[in-house]
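Here is a briefing on one protein chain. Please keep the sequence and the model in view while reading.

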Amino acid sequence: MNDDSASPFRFPAVARKKVTAAFDGGRLTSDGGVLLLAQAERAMGICRRLAACIADPRDPARVIHRLDDILRARMFAIACGYEDADDLDALRDDPGFRLALGKLPGSGAGLASQPTMSRWENAPTTRELARMLAAMIDIYCASHPAPPAAVTLDIDDTCDVVHGYQQLSFWNGHHGERCFLPIHVYETATGRPVAMLLRTGKTPSGAEAAGHIRRLVRHIRRHWPHTHITIRGDGHYGRPEVMAFCEAHRVDYVFGLPTNAALRADPAIVAAADACAVKRAQRQCPVLRHYAQTRYGAKSWKGQRRVVARIEASTLGMDIRYVVTSLTEGSAEHIYDTLYCARGQAENLIKRHKTQLASDRTSCRSANANQMRLILHTAAYWLLWRISQEIPKAAALATAEFATLRLRLLKVAARVIESASRIRIAFASACPDAEVFKTIAINLRLAPT
């Protein structure tokens, strides 16, 4: 530590006593919860899987930092709120991070530095990144103790504003920005991330979206051949190529459908809309909602499909939204309100990924490096998700956001005391979440590795 950091400074006096301070406390960490992250990573084996996808050309006899340890340190830092690789230069001798990576707190080489982190962010080739994306899907499937009978996967893209003229950046007129539009896929019911793909800043075509979904479904079915898959998305993904693929491969879908003149003139929908407007006027209620369904086939479709309409009459006029689905069971109200509207939770998960884990820090020049960052931030998401699963359901933190978990469970001060025979970690006696922290540590220690 440099002399400037260790030099003392003052605070206002208390009870006529001077208060001075300095950053000279020794082996203290402000991120004691990084040890929980280490246990979660060990239980899931994320870094081992990702490192196995990357070729390491270094001479093994001269390697100081193993590749999986480099990825591990970067993931732990992101989860603790240090999304910039520059922070690793300050954290490389942090006793908490050293212990989390299996290093003694007071001896041996520190963690990898920022230049090393940056070199490995830029190292993977396109093929290696494809293998890493497949490994992330493997991690998703392995997170289930047994193949589920059915899963619903939400697919959506999000605006990721670029920091210059980077590879794949593109002007998007809807957002009014040069941006990427990375695709996020989640199992929304449980909050599990499935796949994150960096792509250019324009809306995906039907052929592109169908290609991404085809690869995703094919890889999931290698693990779960009998699991029923339902894909859910907005109007971007309700393309004929996507629907044709799903129907040919026993995948159900629920997609938003943009309106057009043919739908607005459909007799079943017109009759339901008129009845809704009349009933609202008779009851003098501000808003009234009805539902209708019909069979509709666009010119680009090979046949007719089931279309559900949500009809809302209000004092401001008529609002009709449409959904196309392969599902034959369930009422129109159930399809729209229960199934389709549930995809709104996926947008919350995307916001969590971007704002609480800073996954929009895709500021590298190279598209491959930015995809690598997206993978690392998704891996950090997995660690926090795993920690949240070990919180007792009755605890207040059981439904907490990642930012709250970081504040309450990761940003925990601790003194690391190393003796000849053991290492003792002394957490703050007044930690308000001590019992939850202890429960998570015990549960993760007992988890299979």
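The side chains of Glu83 and Arg361 meet in a salt bridge, at 3.6 Å from N to O. A salt bridge here is a side-chain nitrogen of Lys or Arg within 4 Å of a carboxyl oxygen of Asp or Glu. The pair links distant parts of the chain, 278 residues apart. This is a predicted model: local features need pLDDT of at least 70, side-chain atom pairs count only at pLDDT 80 or more, and totals for chains, interfaces and linings use all residues. Residues are numbered from 1 along each chain as its sequence is written, and side-chain values use heavy atoms, with hydrogens and water left out.

**The chain as a whole**

- The secondary structure comes to 17 helices and 16 strands. Helices (H or I, at least four residues) and strands (E, at least two) are DSSP runs, numbered from the N terminus.
- The C-alpha atoms fill a box of roughly 80 × 60 × 45 Å, taken along the principal axes.
- Of the 449 residues, 50% count as buried. Buried means under 20% relative accessible area, exposed over 50%, and partly exposed in between (1.4 Å probe, protein chains only).
- The chain exposes about 21,900 Å², and carbon and sulfur atoms supply 53% of that area. Accessible areas come from the Shrake-Rupley method with a 1.4 Å probe; for residues, only the protein chains shown count as cover.
- Among contacts with a separation of 6 or more, residues 24 or more positions apart account for 64%. Contact means heavy atoms within 4.5 Å.

**Salt bridges**

- The count comes to 25 salt bridges.
- Glu83 sits in the loop between H4 and helix H5 (88–91). Arg361 sits in the loop between helix H14 (344–356) and helix H15 (367–389).
- Glu83 is partly exposed, at 25% relative accessibility. Arg361 is also partly exposed, at 26%.
- Arg72 forms a salt bridge with Glu41, with the closest N and O atoms 2.9 Å apart. Arg72 lies in helix H4 (residues 67–79) and Glu41 in helix H2 (residues 34–44), so the pair ties together parts that are 31 residues apart in sequence.
- Arg72 is buried, with a relative accessible area of 11%. Glu41 is buried as well, at 5%.
- Asp68 pairs with Arg66 in a salt bridge, the closest N and O atoms being 3.0 Å apart. Asp68 is buried at 14% relative accessibility, whereas Arg66 is partly exposed at 47%.
- A network of salt bridges links Glu41, Arg66, Asp68, Asp69 and Arg72.

- S10 and S11 run parallel, joined by 4 bridges. Two strands pair if DSSP finds at least two bridges between them.
- From S10 the chain crosses through helix H10 (residues 240–248) to S11, in a right-handed β-α-β crossover. Right-handed means that, with the strands pointing away from the viewer, the path from the first strand over the helix to the second runs clockwise.
- Ile231 stands opposite Tyr253 in S11.
- Strand S11 (residues 252–257) is mostly covered, with 6 of its 6 residues buried.
- In a regular strand the side chains alternate between the two faces of the sheet.
- From S11, Asp252, Val254 and Gly256 point one way, while Tyr253, Phe255 and Leu257 point the other way.
- S11 also joins strand S14 (residues 317–325) through 4 bridges, running antiparallel. Phe255 has Val324 as its bridge partner in S14.
- Thr230 lies in strand S10 (residues 228–233). Thr230 is buried, at 12% relative accessibility.
- Leaving aside neighbours within four places in sequence, Thr230 contacts Val151, Thr152, Leu153, Asp252 and Tyr253.

**A three-stranded sheet**

- An open sheet of 3 strands has the order S3-S15-S16, with antiparallel pairing.
- Strand S3 (28–29) and strand S16 (423–427) stand at the edges, each with a single partner strand, so one side of each is left without a neighbour in the sheet.
- S3 pairs with strand S15 (residues 414–418) over 2 bridges. Thr29 has Ala414 as its bridge partner in S15.

**A nonpolar surface patch**

- Phe9, Phe11 and Phe23 form a nonpolar patch on the surface, with about 320 Å² of accessible area together.
- Patches are made of residues with over 30% relative accessible area and no salt bridge; like charges are joined within 9 Å, and nonpolar side chains (Val, Leu, Ile, Met, Phe, Trp, Tyr) within 5 Å.
- Phe9 lies in strand S1 (residues 9–14) and is partly exposed, at 32% relative accessibility.
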